[in-house]
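Please read it with the structure open beside you.

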Amino acid sequence: MTAHPGPARSGATRPQPVRMPRSQRRAQLLAAAQEVFVAQGYHAAAMDDIAERAGVSKPVLYQHFPGKLELYLALLDTHCDALVSRVRDAMAATSDNKVRVAGAMQAYFDFVDGEGEAYRLVFESDLRNDPAVAERVERAERGCIEAVTETIMADTGVSRDRAELLAVALTGAAENAARFWLASARAVPKPDAVALVAALAWRGISNFPLADGRPDD
């Protein structure tokens, strides 16, 4: 008499995704999306790729983000806000304007040198012409400029128009120098690079007297 085999035990059952709090899952999905967007660019990236990178199903991904653009914009918001916060913190950290200038430069260098090449999503996106993306990038740029403008106005007493022009020059120099530094494979050690660009900026802005008439040392 031949024995019939019992029910087969499948060892290939797909493991169930680990349940996470919504905020933790969202952070995981954003991290996976950043890797895919940076590696492939927005247009070539697919939601399938992002779900696979995150180790979740597409329905789970769509529970948090209704589409690829919404996911990209959420990621962009995170990094734009982070850059503005860095610059604002540099302005608020001290009343020493020489240190503030160095802090503003440091903020940009730290941002472009951050993990995951997040700066590419802000400064080098292949979606920069999309109105929603352009609006967010412009808002971040304005936020950084405004933080520096307010500081210059408070300390020198110059008009808003003049302070804003100085702020645009300062933040523009910081961004361009930091991006060039990164593109040149960090040929100059970061502390030295920050100090060089800060010294150049300080030699110019320190010529504006403080509101009480004293020159800035």
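This is a predicted model: local features need pLDDT of at least 70, side-chain atom pairs count only at pLDDT 80 or more; totals for chains, interfaces and linings use all residues.

1. Residues are numbered from 1 along each chain as its sequence is written, and side-chain values use heavy atoms, with hydrogens and water left out.

2. The secondary structure of the protein comes to nine helices and zero strands, where helices (H or I, at least four residues) and strands (E, at least two) are DSSP runs numbered from the N terminus. Of the 217 residues, 40% count as buried; here buried means under 20% relative accessible area, exposed means over 50%, and partly exposed lies in between (1.4 Å probe, protein chains only). Among contacts with a separation of 6 or more, 64% come from residues 24 or more positions apart, a contact being heavy atoms within 4.5 Å.

3. Two packed helices are described by the angle between their axes and the distance between the axes. Helix α1 (residues 22-40) and helix α2 (residues 47-54) pack at an angle of about 125 degrees, with their axes 8 Å apart, which makes α1 oblique to α2. The axes are lines fitted to C-alpha atoms, for helices over the stretch in contact, and angles run from 0 to 180 degrees between N-to-C directions; angles under 35 degrees count as roughly parallel, over 145 as roughly antiparallel, 65 to 115 as roughly perpendicular and the rest as oblique.

4. The crossing of α1 and α2 is right-handed, a term used if the near helix is turned clockwise from the far one by less than a right angle, with left-handed used if anticlockwise. On the α1 side the contact is made by Gln28, Leu29, Ala32, Ala33, Glu35, Val36, Phe37 and Gln40, and on the α2 side by Asp49, Ile50, Arg53 and Ala54. By class, this contact has seven nonpolar, two polar and three charged residues, where Ala, Val, Leu, Ile, Met, Phe, Trp, Tyr, Cys and Pro count as nonpolar, Asp, Glu, Lys and Arg as charged, and the others, Gly among them, as polar.

5. Helix α1 also packs with α4, at an angle of about 95 degrees and with the axes 10 Å apart, which makes α1 roughly perpendicular to α4. From α1, Arg26, Leu30, Ala33, Gln34 and Phe37 meet Lys68, Leu71, Tyr72, Ala74, Leu75, Thr78 and His79 of α4. The contact of α1 with α4 has seven nonpolar, three polar and two charged residues.

6. The structure holds 16 salt bridges, each being a side-chain nitrogen of Lys or Arg within 4 Å of a carboxyl oxygen of Asp or Glu. In one of them, Asp77 pairs with Arg136, the closest N and O atoms being 2.9 Å apart. Asp77 lies in helix α4 (residues 68-92) and Arg136 in helix α7 (residues 131-156), so this pair ties together parts that are 59 residues apart in sequence. Asp77, at 22% relative accessibility, counts as partly exposed.

7. Glu124 lies in the loop between α6 (119-123) and α7 and Arg179 in helix α8 (residues 160-183), so the pair ties together parts that are 55 residues apart in sequence. Salt bridges that share partners join Glu117, Arg120, Glu124, Glu175 and Arg179 into one network. Arg120 counts as partly exposed at 30% relative accessibility, as do Glu124 at 36% and Arg179 at 25%.

8. His79 lies in helix α4 and is buried, with a relative accessible area of 14%. Leaving aside its neighbours within four places in sequence, His79 is in contact with Gln34, Phe111, Ala118, Leu121 and Val122.
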